[in-house]
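Open the model in your viewer and keep the selection panel at hand. The stops below go one selection at a time.

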Amino acid sequence: MSEKRILGLLGFLLGLLAGVLILVYAFELGRNQTVTVEFILDRLVRIVFGALILLGSLLLYRQRYSTGGIVNLAIGIVGLVIGVYQVGAILALLSGVLGLVANEARA
């Protein structure tokens, strides 16, 4: 296996973990929560972020390292600023960085 492929797969796995963590956090329902418009919008934003991270990870898996890396890096930065889920956003950032490094690695 080449260095590109190993870094891409590692980025894919980190992105997959980040996306799944954010989606699980989005569907977690607590007791006695009132359903408001803000609650629903917050959950929808988390679901969209998780789906976009999974899409970026899929691009990393399909060997489109620069595109997947940029998607995961951008979504990770925005997720940290908005505060979607800190652990998932940091993992998405790392996935994006690994995707960009895999793009520059030798074949």
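**Stop 1: a salt bridge**

Select Asp42 and Arg46: their side chains meet in a salt bridge, 3.1 Å from N to O (a side-chain nitrogen of Lys or Arg within 4 Å of a carboxyl oxygen of Asp or Glu). The structure holds 1 salt bridge. This is a predicted model, where local features need pLDDT of at least 70, side-chain atom pairs count only at pLDDT 80 or more, and totals for chains, interfaces and linings use all residues. Residues are numbered from 1 along each chain as its sequence is written, and side-chain values use heavy atoms, with hydrogens and water left out.

Both Asp42 and Arg46 lie in helix α2, 4 residues apart, about one turn of the helix (helices are DSSP runs of H or I, at least four residues, numbered from the N terminus). Arg46 counts as buried because its relative accessibility is 10%, while Asp42, at 33%, counts as partly exposed (buried is under 20% relative accessible area, exposed over 50%, partly exposed in between, with a 1.4 Å probe and protein chains only).

**Stop 2: the core**

Next select Ala18, Ile22, Phe49, Ile53, Ile75, Val84, Leu91 and Ala92, the 8 residues of the largest nonpolar core (buried Ala, Val, Leu, Ile, Met, Phe, Trp, Tyr and Cys residues joined through side-chain atoms within 4.5 Å). Helices α1 (3-27), α2 and α4 (86-104) each give two or more residues to this core.

Now centre on Val84. Leaving out residues up to four places away in sequence, Val84 touches Ile22, Tyr25, Val45, Arg46, Phe49 and Gly79 (contact means heavy atoms within 4.5 Å).
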